[in-house]
Amino acid sequence: MKAAAVFLLFVFPLAVPAAEVKLPKSVYSPLFRDPGEADSVVGPLLVDKTPVTNQEFLAFVTAFPQFSKSKIQPLFADGGYLAHWLGDAAFAKGEARFPVTHVSWFAARRYCESRGKRLPTIAEWEVASDARSSRNEAKIMAWYGRPGARLRDVGAEPANKFGLTDAHGLIWEWVDNFSESIMSGDSRGGSSTESLFCGGAALKAKDPKMYATFMRFAFRSSLNARYTSVNLGFRCVRDMDGGGE
Amino acid sequence: MKKNLHFPVIIAGIAVALVSCFGKGGAEKWESTSAKIAGDNVDIDKMPKESFSLIAPPLAPPPITRKTPARVAIEVEVRETVKRLSDGVDYTFWTFGDTVPGPMFRVREGDYVDFTLANHPSSKLPHNIDLHAVTGQGGGAEGSFTAPGHKSTFSFRALNPGLYVYHCATAPVGMHVANGMYGLILVEPKEGLPKVDREYYVMQGEFYTKGKFGDRGLQSFDMEKAIREQPEYVVFNGSVGAIAGDHSLKANVGETIRIFAGNGGPGLISSFHVIGEIFDHVYQEGGTVLNQKNVQTTMIPAGGAAIVDFKADVPGNLILVDHSLFRAFNKGAIGMIKVDGKPNPRVYTGKTVDAIYLPEGQALQPLSMEQKAAPAPTNFTERMAAGAIVYKTNCAACHQENGQGVPDAFPPLANSDFLMADKARSIRVVKDGLQGAITVNGKTYNSVMPGLDLSDDDVASVLTYVRNSFGNKGEAVSVDEVKRVK
């Protein structure tokens, strides 16, 4: 609206690598599991320290104009794609280091690819974000209690035990296999939402008191790869060739 | 031979008894109206279409007047929003239609409903709706599961009439409900409900806040309290005082009032009670059989409802409570219906006696504390003062404080020809009572006045008082005159 509030970025440093932190080899123990489903091992892995920002995403859409606000194909994003941007290459002043939101799974995935990375899996994200700590549970629960809260710069809060920031209490994040949210990938029959409603959700849960985790899984399972949301962004991960613990 | 004749008769008798117990030819066929509707093969495309207008609680949508089924479109928006829970206390409510409870829906048995749930883009969470009136997977929960910034539509046939709860059914379900995501849907029976003057929509629910009841500021949900089922707030219509004080429900004397009462829970069972009224009719648990009359308190389960009605016979403030009384007194479960209109002392008088109570056993008190009988009046002024007290205590309930009586029931003492005409008769009436038809100021009264067990001194006082009050003017009545009338 106000021209002065518009921050236009014509030149961007494509080569600045996002800070990464190392997730050591870890065990993921799912909250929801099918009979016989075992714990799995994740990592070692390099994980973006922060979610992808508006500025970083601007660099991407400039390099790949087919992912700009005006050119994105409806197949790859719903009508809310980059809704908060003021144009194909502009967002409100002061939001450069806000996490980018209103991005679809297709766009997030392509972004990571363009950096030689990928989206994390549910297991990787859950472990790296230290989601099960009671401190983070409390943080998430408090977040739901502040509807319409404004975003802020990434990295403003202390890092978690792996060195990650902003995993909780700022935005949701895309994961590669979001559509397997409730049932594991090889679940036999039944829709992924079947066990999500009413008592069903608690039946398969290891600990029915992990409310924040229920919410996160419910959120993921409500998504479609085209969807965008004001509270949904992403970060990328990179496999470490040859291990390296 | 005689014996042989008797056996078939006895056997036939047993057979008749069996038939009368189990119906004709054995067990009755299982039947239901819902199965008939489900199997009627109605052409949905030919049903007349209409869209349902949302109306905020405590108002209920108007009765359905059409006599045939329709295809009804209902759309409701889900929003996560901060609102007042109590004075100085805010809470992040998750709402249907921006209110707690959500708007009441009203359709007719046999209607085909296209239900659309829109989840506001600012929502952090996906939501959905489980309408207990829906026959189908999750009551619509699966078909309505919606991410923020999207909307979903599913359709269902209203097979079973009754009053049903709806609620969000996304995990963790209890939390979604505890944050206010519930409401009622009425599926009106084909024949409708009996017509009443007013209908209101009241729904109980409890809130589990981190802070104690009344702690100021924005309160957040407390999972531990919720799991223990120990709420800080138990309220009607989403906040303390939502339907009390300036927001009280209103009615006039003589009107019939129906309450569509629901209980969102998520944890507590409501003992729904209206102080100062008796439910004339109760459709227990929101079913369609009028199964109770004259009920004081009706139980409403969590995730259940009841339809109650009554007539407002006298003016006053009717108080809605959960009769688990600490919820009402300490947690907010209070509502109010203000009934305006003329008093009817034949139904209720209000306080008519405000007297000092002197129980027996006064002898136990020290002598110095012993009550002494009031000294007998010695002059006209004292006689009048004593008479006024006797009147208030014994007479005003029927003849009224101002002596006007009550038309057609209790004759007036004010300007009363009957009273003033015969002093001895009036003494006898007060001492012995009066039964049968009398004419007072040209009007006939046929009622009973009990004999009052008054001392001669009190009779003298009260008669002196009434003969010299309310526009009457007459001589005093002495104790001697009272004594002479046997």
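Let's start with helix 2 of chain A. Its buried residues include W105(A), A107(A), A108(A), Y111(A) and C112(A). Buried means under 20% relative accessible area, exposed over 50%, and partly exposed in between, with a 1.4 Å probe and protein chains only. Viewed down the axis of helix 2, the buried residues fall within an arc of 165 degrees, so they line one face. That arc is taken from the directions from the helix axis to the C-beta atoms. In general, an α-helix has 3.6 residues a turn, so residues three or four places apart point the same way. Part of the cover over these buried residues comes from helix 1 (54-63) of chain A. Just after helix 2, G116(A) takes a positive phi of about 70 degrees.

A word on the source. This is a predicted model, where local features need pLDDT of at least 70, side-chain atom pairs count only at pLDDT 80 or more, and totals for chains, interfaces and linings use all residues. Residues are numbered from 1 along each chain as its sequence is written, chains are lettered from A and ligands numbered from 1 in the order written, and side-chain values use heavy atoms, without hydrogens and water. Helices (H or I, at least four residues) and strands (E, at least two) are DSSP runs, numbered from the N terminus.

Back to C112(A). What does it form with C236(A)? A disulfide, with the sulfur atoms 2.1 Å apart; the cut-off is a pair of cysteine sulfur atoms within 2.5 Å. Over all chains, the structure holds one disulfide. It links distant parts of the chain: C112(A) sits in helix 2 (residues 105-114), C236(A) in the loop between strand 8 (232-233) and strand 9 (237-239) of chain A, 124 residues apart. The angle about the S-S bond is -80 degrees, and the link is left-handed. Both C112(A) and C236(A) are buried.

Now chain B. C398(B) is partly exposed, at 32% relative accessibility. C168(B), at 0%, counts as buried.

Next, the cores. A nonpolar core is a set of buried Ala, Val, Leu, Ile, Met, Phe, Trp, Tyr and Cys residues joined through side-chain atoms within 4.5 Å. The largest has 119 residues, and F57(A), F234(A) and F115(B) have the most contacts inside it. Helix 6 (residues 211-221) of chain A gives the most to this core: six residues. Apart from it lies another core, of 26 residues, including Y200(B) and A251(B).

A251(B) takes us to strand 13 (residues 249-252) of chain B. Strand 13 runs parallel to strand 21 (residues 334-340) of chain B, joined by four bridges. Across that pairing, A251(B) has V339(B) as its bridge partner. Two strands pair if DSSP finds at least two bridges between them.

Last, an open sheet in chain B. Four strands form it, in the order 4-9-8-6, with mixed pairing. Strand 4 (105-108) and strand 6 stand at the edges with a single partner strand each, so one side of each has no neighbour in the sheet. Strand 8 (residues 162-167) and strand 9 (residues 182-188) pair in the antiparallel sense over six bridges. There, Y166(B) stands opposite G183(B).

Key. Contact = heavy atoms within 4.5 Å.
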